[in-house]
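Here is a structure to question term by term. Each answer sets a value beside its cut-off.

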Amino acid sequence: MIRGRWRWVVAWAVLIEVLVLWPSPPDIAPRWLGGGFDKVVHAALFAVLAALAAWARAAQHRVRWPAAVGAALFGAFTEGQQHFIPSRSMELGDLLADTGGAMLGLALFAALALRRRGLQG
């Protein structure tokens, strides 16, 4: 059974899977962003995933960097899945956005954790 903070990690990963397996997602990109909005969405999804995983690992007093590695590997997995969905495609740019987002999520979590410790001490 999945317990504690890990429930949030799994729920977010399931949300990503639903979005990945959606055959024809709507195009919601603002015109001023052009084609780059897709990469922003990828980065944001995986930043949240890595931050949640780092938060869950922190509760277990474990190092946090595997959270970003795991999120990046999950991004590679989801890109591979899209190869098998006829209306979707796997893209290197999306994988780079997933990985960059995972690293950003870990960095933001670490910065917030340091700030919180500074406020408590």
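The questions below concern a predicted model.

Q: Why is Asp38 called partly exposed?
A: Its relative accessible area is 31%. Buried means under 20% and exposed means over 50%. The value for Asp38 falls in between, so the residue is partly exposed.

Q: Where does Asp38 sit?
A: Asp38 belongs to helix α2, residues 37–59. Its C-alpha atom is separated by 9.0 Å from that of Ala97. Along the chain, Asp38 and Ala97 are 59 residues apart.

Q: What is the pattern of the protein chain along the sequence?
A: The pattern is α-α-α-α. The chain has 4 helices and 0 strands.

Q: What share of contacts between residues at least 6 apart in sequence join residues at least 24 apart?
A: The share is 72%. A contact here needs heavy atoms within 4.5 Å.

Q: How much of the protein chain counts as buried?
A: Of its 121 residues, 31% do. The cut-off is a relative accessible area under 20%. The chain exposes about 7,900 Å², with 70% supplied by carbon and sulfur atoms.

Q: Which residues lie nearest the centre of the second largest pocket?
A: They are Trp55, Phe109, Leu112, Ala113 and Arg116, from a lining of 14 residues. Two or more lining residues come from each of α2 and α4 (92–120). Helix α4 gives the most, with 8 residues. The pocket volume is about 310 Å³.

Q: What makes up the lining of the second largest pocket by class?
A: The lining has 8 nonpolar, 2 polar and 4 charged residues. Trp, Phe, Leu and Ala count as nonpolar, and Arg as charged.

Definitions and conventions: Residues are numbered from 1 along each chain as its sequence is written. This is a predicted model: local features need pLDDT of at least 70, side-chain atom pairs count only at pLDDT 80 or more; totals for chains, interfaces and linings use all residues. Side-chain values use heavy atoms; hydrogens and water are left out. Buried means under 20% relative accessible area, exposed over 50%, partly exposed in between (1.4 Å probe, protein chains only). On a 1 Å grid over the protein atoms alone, a cavity is a set of points where a 1.4 Å probe fits but cannot get out, and a pocket is an open set with protein on both sides within 12 Å along at least five of seven lines; lining residues have an atom within 4 Å of a point. Grid points are joined across faces, edges and corners, and a volume is the space filled by probe spheres set on the points. Accessible areas come from the Shrake-Rupley method with a 1.4 Å probe; for residues, only the protein chains shown count as cover.
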